[in-house]
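Reader: I am new to protein structures. Could you show me how to read one?
Author: Gladly; let us look at it together.

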Amino acid sequence: MKGNDKLITVLNSLLADELTAINQYMVHSEMCANWGYGKLHQAIRKQAMDEMFHAEWLIERIIFLDGAPTVSKLNPMKIGKTVLEMIKNDNGDELDAVHKYNDAIKLGREVEDQSSVDLLTKILKMEEGHVDWAEMQRAQIDQMGLENYLVNQTESSAN
């Protein structure tokens, strides 16, 4: 089915964002594992997996619309040097993603592509969940201090 060229371009732009996020989250996750923050490692790893699903769904949609998915383009990554930097960088990227998905949904409505709107809405809700998670982490750091927060991110020796 031939899709709207402008929408396909936007879907490819979102795909680049998702592919970049996968890599950024994977690096952050492995850094946390290396530092002994097992709980944080698992939480960030889960977000990387979510982004993989988003990329897969976008690729499927682009192909369905007779477009060519661009999987070789990555945006610059913002690798944090500390846990707090990681959370801030990831949260900023997720907030940006929420705005981009909202804009893409508007375009999908304008070109009367309800299936793309439905997909983009599904991904948007997941991205909002990532924003909420990052905001909770920042609130915990503010409330209990970074050191106490990080102690809570380690796994006990009984595990």
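Predicted model: local features only at pLDDT ≥ 70, side-chain atom pairs only at ≥ 80, totals over all residues.

Author: Residues are numbered from 1 along each chain as its sequence is written, and side-chain values use heavy atoms, with hydrogens and water left out.

Reader: Where is E94, in terms of helices?
Author: Helices are DSSP runs (H or I, at least four residues), numbered from the N terminus. E94 is in helix α3, residues 83-110.

Reader: Is E94 buried or exposed?
Author: Buried means under 20% relative accessible area, exposed over 50%, and partly exposed in between, using a 1.4 Å probe and protein chains only. E94 has 5% relative accessibility, so it counts as buried.

Reader: Which residues is E94 in contact with, leaving aside neighbours within four places in sequence?
Author: Contact means heavy atoms within 4.5 Å. On that basis E94 is in contact with Y25, E51, E127, H130 and V131.

Reader: What is a nonpolar core?
Author: It is a set of buried Ala, Val, Leu, Ile, Met, Phe, Trp, Tyr and Cys residues joined through side-chain atoms within 4.5 Å. In soluble globular proteins, nonpolar side chains tend to be buried together. Here the largest nonpolar core has 24 residues, and L11, L14, L15, L58, Y101, L120 and I123 touch the most other members. Two or more residues of this core come from each of α1, α2 (38-64), α3 and α4 (114-144). The largest share, 7 residues, is from α1. Another core, of 15 residues, lies apart from it and includes A21, L40, W133 and A134.

Reader: How many aromatic pairs does the structure hold?
Author: Rings of Phe, Tyr and Trp (its six-membered ring) pair if their centres lie within 6.5 Å; planes under 30 degrees apart count as stacked, over 60 as edge-to-face and the rest as tilted. The structure holds 2 such pairs. W35 and Y37 are edge-to-face, at 6.5 Å centre to centre with 75° between the planes. The ring centres of F53 and W57 are 6.0 Å apart and their planes are at 25°, so this pair is stacked.

Reader: Why are F53 and W57 separated by about one helical turn?
Author: Because they are 4 residues apart in helix α2. F53 is partly exposed at 42% relative accessibility, whereas W57 is buried at 17%.
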